[in-house]
Amino acid sequence: MFERFARDARLVVKDAEAEARRLGSPTIEAEHLLLALTGLDRATAVGHALAATGLDRDAVEHALAAERERSLMAVGISIGDFDLPPPRPAARPRWAAGAKSALEHALRVSLERGDRRIESGHVLLALLRAQAGTVPRALTEAGVDRRELNDLVTAAMSR
């Protein structure tokens, strides 16, 4: 499947792995793909759309932290109650089901649009389609209108 990925989408995949390592995660999750997307140049369709909605790296990191805290509080755990060590970079994180699913959905989005290659925009559109999980909850936490962002990315990719 990766042979269909355009250069920018390959960069997102590579950067998602780097994000997982940086955060000490043993797995590459969909949230790491979202973080990687925020690193794209604002001149790209995805970079421009994310900037237009105010979704930069800091906003994503803040939303992910708030979502994590809210999820733990839902089961009665406060992260402040623990003296956790800083994360250690993982040697080689594995791809988790959510991230794999997002990349498979990116392929579907590409095919539905009649595009020959999978671009970073397809990855973002796939993440926006998710109905459950960390990414949709974090986007809600960040105050992102997913439909608006979807429309911005779709329009930018159509140019």
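Reader: Leaving aside neighbours within four places in sequence, which residues is A96 in contact with?

Author: This is a predicted model, where local features need pLDDT of at least 70 and side-chain atom pairs count only at pLDDT 80 or more, while totals for chains, interfaces and linings use all residues. Residues are numbered from 1 along each chain as its sequence is written, and side-chain values use heavy atoms, without hydrogens and water. Contact means heavy atoms within 4.5 Å. Beyond those neighbours, A96 contacts T27, I28 and E29.

Reader: Where does A96 lie, and is A96 buried or exposed?

Author: Buried means under 20% relative accessible area, exposed over 50%, and partly exposed in between (1.4 Å probe, protein chains only). A96 lies in the loop between β2 and α5 (97-113); helices (H or I, at least four residues) and strands (E, at least two) are DSSP runs, numbered from the N terminus. A96 counts as buried because its relative accessibility is 11%.

Reader: Why is helix α6 described as largely enclosed?

Author: Nine of the 10 residues of α6 (residues 120-129) are buried, so the rest of the structure largely encloses this helix. Among the buried residues are H122, V123 and L124. Their cover includes α1 (7-22), α2 (30-37), α3 (45-52), α5, α7 (134-141) and α8 (146-158).

Reader: And I77: where is I77 placed, and how accessible is I77?

Author: I77 sits in the loop between α4 (57-74) and β2 (94-95). I77 counts as partly exposed because its relative accessibility is 33%.
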